[in-house]
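Have the model open as you read.

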Amino acid sequence: MIRIVIAEDQALLLEAMGNLLNLEDDIEVVGQAGNGVEALTLVQQLQPDVCIMDIEMPEKNGLEAAEVLQDSDCKVIILTTFARPGYYQRALRADVRGYLLKDNPSEELASSIRSVMDGMRIYSNELLDEDCNEENIGILAQKSSQNNKGSVKNYLSSIMDKIKLPTG
């Protein structure tokens, strides 16, 4: 069972996301937070596998909370409505495992959670910074190899394909 904490400051969206994810056979939402500080407290208390966080939250935003969780066993997935300059780079540096759009279908979120648990990193093309380059891919490769899960070459090929970089 994949244990999840969700941090979202919009109560209706928080409840809806929790209910949809709880419908999955292999996912259990163990905690819900309305801001980044609450999320950090819940992660510390409940030790979930994954924390799904909105970026724009009061008290501590999702990226700030992800930076605090960077060295923990909890994998962070950031959900956002739209791209902002610099957020993608900051998400990479904070070892965020997923950086996804909120308007994706719930099945895609559940699938992304499973992929993250399998050691993959999932980033929505629409959220990549325009200045994304091979240096960024190197950061991702380094973090993937530190985790020693899956094939870094496969991750890089997939990412390069998604951001239209040559793989050769």
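Which side chain does a polar contact of 3.3 Å join to that of Asp95? The partner is Arg97. A polar contact is a pair of N or O atoms within 3.5 Å; within protein, one must be able to donate a hydrogen and the other to accept it, and residues adjacent in sequence count only if both atoms are side-chain atoms. Arg121 also makes a side-chain polar contact with Asp95, at 2.8 Å.

This is a predicted model: local features need pLDDT of at least 70, side-chain atom pairs count only at pLDDT 80 or more, and totals for chains, interfaces and linings use all residues. Residues are numbered from 1 along each chain as its sequence is written, and side-chain values use heavy atoms, without hydrogens and water.

Asp95 lies in the loop between helix H4 (87-93) and strand E5 (98-101). Helices (H or I, at least four residues) and strands (E, at least two) are DSSP runs, numbered from the N terminus. Asp95 counts as buried because its relative accessibility is 14%; the cut-off is under 20% relative accessible area (1.4 Å probe, protein chains only).

Now the sheet. Six strands form an open sheet in the order E2-E1-E3-E4-E5-E6, with parallel pairing. E2 and E6 (122-123) stand at the edges with a single partner strand each, so one side of each has no neighbour in the sheet. Pairing requires at least two DSSP bridges; E1 and E3 have four.

Helix H1 (residues 11-22) buries Leu14, Met17, Gly18 and Leu21. They lie on the same side of H1, because they cover an arc of only 100 degrees around the axis, taken from the directions from the helix axis to the C-beta atoms.

Key. Buried < 20%, exposed > 50% of the residue type's maximum accessible area, 1.4 Å probe, protein only. Expected span 1.5 Å × (residues − 1).
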